[in-house]
Structure formats: C-alpha cells, structure tokens
Amino acid sequence: MAALKGPLKSPRQDQKRVPSQADYETLSQFRYLIRRFLEFSQDAAKAAGLTPRQHQALLAIRGYPGGGPVAVGDLAERLRLRHHTTVELVDRLSEAGLVERVLDPADQRRVLLKLTGLAADHLAELSAVHLDELSRIEPLLKQVLSRRSE
C-alpha cells in the first residue's frame, strides 16, 4: 500500500478546527470498530482456507462497480497494491483454481479476471458471514457516524 505523503487536505482546509475530546473519542471508536471488523474478516478468510488478501481480491473482482470486467490494473487500484504485487497475487489465485485469465475481446492485449465456480462458492459463504457481522456492528457504526453530524 502506498504511504501517505504529507498532511491530508480536506475540502474545508481553510477552516482549521481544533479537535475536541469528543472528536478524538469518535475517531478512536471508529478505528476500533474498523479494526475489529478487519480482524473478523481475516479470521473468516483463514477459516475458509484463503489468505485475507485472496479474499479481498475475490471480493474486489466480484464486487467491481457495475459488475464489469476487471483487469489486473483495476484490481491493483481496488486493493491499493502495486501492479507487480497484484500480478503475483493473481498468479497464486490462478494456481489455486480461484481465478481465470481471459483476453479482452475488444483489446487482445488486455487480460481480464474471472472468478471460478470454486471462488464464487468461497466468496458467497464468506460474504454471508461478513454481512451478518456488519448487521451486528451496524448500530455501533451508526452511533459513531452520527456523532460527526452533531
């Protein structure tokens, strides 16, 4: 993942605001909930016989906006990885029988990624438990996010 360079700039950069204790608590709680969900996700992927990164890749392919075809570059962007790292990941997914490479009919130089039936089965099972977990933590997330609008 690319490192952040320099301070983040918000659309309201001109309006410098000093965070309050409540702001710090909100940010802390939000990060805590995200980390808990990520830990849940990693454990679920491992239990299904996948690495967390493999699970993320399968989800990124299946959940690509518009349901359209996904090229390696698209996947790299969605995973926030370098292109060559994504190629290595796709190689491992292909060797595991989870992803197929197909040539783009419109541009034979471009390779598109397609989930296999095995990958679709793994992903459906994992997505169901992830949706259950999101339902479980949704009230906590809403509570944290609603603090931002106060």
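**Close-up 1. The side chain of Asp-104 and the backbone of Ala-106.** In this predicted model, a polar atom of the Asp-104 side chain lies 2.9 Å from the backbone nitrogen of Ala-106. Asp-104 belongs to strand 2, which covers residues 99-104. Its relative accessibility is 11%. Buried means under 20%, so Asp-104 counts as buried. Leaving aside residues up to four places away in sequence, Asp-104 touches Arg-110 and Leu-112.

**Close-up 2. Helix 3 and helix 4 cross.** Helix 3 spans residues 72-79, and helix 4 spans residues 83-95. Their axes come within 9 Å. The crossing angle is roughly 105°. Angles of 65 to 115 degrees count as roughly perpendicular, and therefore helix 3 and helix 4 are roughly perpendicular to each other.

**Close-up 3. The residues where helix 3 meets helix 4.** Helix 3 brings Val-72, Gly-73, Leu-75, Ala-76 and Leu-79 to the contact. Helix 4 brings His-83, Thr-86, Val-87, Leu-89 and Val-90. Sorted by class, the contact has 7 nonpolar and 3 polar residues.

**Close-up 4. Arg-80 in the loop between helix 3 and helix 4.** Look at the backbone here. Arg-80 is not a glycine, yet its phi is positive, at about 60°. Now consider the surface. Arg-80 has a relative accessibility of 43%. Partly exposed residues fall between the buried limit of 20% and the exposed limit of 50%, so Arg-80 counts as partly exposed.

Note on methods: Residues are numbered from 1 along each chain as its sequence is written. This is a predicted model: local features need pLDDT of at least 70, side-chain atom pairs count only at pLDDT 80 or more; totals for chains, interfaces and linings use all residues. Side-chain values use heavy atoms; hydrogens and water are left out. Axes are lines fitted to C-alpha atoms, for helices over the stretch in contact, and angles run from 0 to 180 degrees between N-to-C directions. Helices (H or I, at least four residues) and strands (E, at least two) are DSSP runs, numbered from the N terminus. Angles under 35 degrees count as roughly parallel, over 145 as roughly antiparallel, 65 to 115 as roughly perpendicular and the rest as oblique. Contact means heavy atoms within 4.5 Å. Ala, Val, Leu, Ile, Met, Phe, Trp, Tyr, Cys and Pro count as nonpolar, Asp, Glu, Lys and Arg as charged, and the others, Gly among them, as polar. Buried means under 20% relative accessible area, exposed over 50%, partly exposed in between (1.4 Å probe, protein chains only). A polar contact is a pair of N or O atoms within 3.5 Å; within protein, one must be able to donate a hydrogen and the other to accept it, and residues adjacent in sequence count only if both atoms are side-chain atoms.
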